[in-house]
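Open the model in your viewer and keep the selection tool at hand. The stops below go in order.

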Amino acid sequence: MSLAKWRLIEAGELDITTIALSNLATSKHRWLEFRKLVGVNNVDELIDRILANRSLLGEIRKVIYARYRGALDEAVVLAEELKREGVAFIPFYSPDYPEALRRYRLEAPVYRPLGLYVRPPVSLHGRFVGVVGTRSCSEWGRRVAWETGRLVAQAGFTLVTGLAECIDTSATLGALEAGGLAVSIRPWLKPLQLPGESRRLLEAYGDRIALDSEHYIKPPVSPKTLYYMRNRIIAGMSDLVIVVEARPEGGSMHQITWSIRYGKRLAIYEHPDPKSEYYKAYQRYRSYSRTVTLKTTEDLGELLETLRALAKP
């Protein structure tokens, strides 16, 4: 397997304290107690304080050791498994953590991930463009998604999707066939559960698709909640979120809402069939600020060129 295009990071260099902290944050009872002990209101406040003063991690480790020793022990066991499986854990303060996600500001009780698990162990430093859409797309949607992924790769961005069927897989294939890379945000990594089309794509291009999640092992939380929450990661790490084809009440609407609510650039294709439910979704979101209407993929090419130019000094 060739990983030449990714920048590999050392899977063995793991921050046990932040892994334990991340696990504590998924337990409501333990987190409520913990935040009182360290004097913070929420996870985002804790992240900001540690970013301003990294020495706080040492103090936090002392608190966890004294009151939640079991969480540290669990983190040590997990770290050993991550090393064996070739999975990296990227804490929020690492230069390998997506910069756009680190700057993303949410509203309680939603917060930025304390860390990201990624397989293979590659850096997530870079610029990303997200593509979202329905799992039951039309042939038009599949074709446009493929072309969108191709343009994203050719513009020098890394594609990010949820690796669902149809729009996500078509965009991913377009990016990969253009020589690009793709990050797929999953609600958890173990056990890895993918639909058939997504699984076959991963088997064919696994060295150029990085699987990423804030949870390595599926936590005792409803899958619906986990899928909903992973959408904030796609929106947060993306410089631009592109909607190819969506249903008015489908799961893609959560992704669009995350993008709009927290000020992300959003582009949405005008659907060619004004009688379709996809067109209704387009009408619903095209009027929001920072939303760009795309009539053709040529429009997207121009938008990506503009977005790339914004990063130049």
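The tour goes from a disulfide to a strand and then to the nonpolar cores.

This is a predicted model, in which local features need pLDDT of at least 70 and side-chain atom pairs count only at pLDDT 80 or more, while totals for chains, interfaces and linings use all residues. Residues are numbered from 1 along each chain as its sequence is written, and side-chain values use heavy atoms, with hydrogens and water left out.

Select Cys137 and Cys166. A disulfide (a pair of cysteine sulfur atoms within 2.5 Å) joins them, with S to S at 1.6 Å. The angle about the S-S bond is -70°, and the link of Cys137 and Cys166 is left-handed. Cys137 sits in the loop between β3 (128-132) and α7 (139-154), and Cys166 in the loop between β4 (158-161) and α8 (167-177), so the pair ties together parts 29 residues apart in sequence. Helices (H or I, at least four residues) and strands (E, at least two) are DSSP runs, numbered from the N terminus. Cys137 and Cys166 are both buried, meaning under 20% relative accessible area with a 1.4 Å probe, protein chains only.

Next, select β7, residues 238-243. Six of its six residues are buried, so β7 is largely enclosed by the rest of the structure. β7 pairs with β3 in the parallel sense over five bridges; strands pair if DSSP finds at least two bridges between them. Ile242 of β7 is the bridge partner of Val131.

Finally, select Phe34 and Ile242. Both are among the residues with the most contacts inside the largest nonpolar core, which has 92 residues. Such a core is a set of buried Ala, Val, Leu, Ile, Met, Phe, Trp, Tyr and Cys residues joined through side-chain atoms within 4.5 Å. Another core, of twelve residues, lies apart from it and includes Val241.

Definitions and conventions. Buried < 20%, exposed > 50% of the residue type's maximum accessible area, 1.4 Å probe, protein only.
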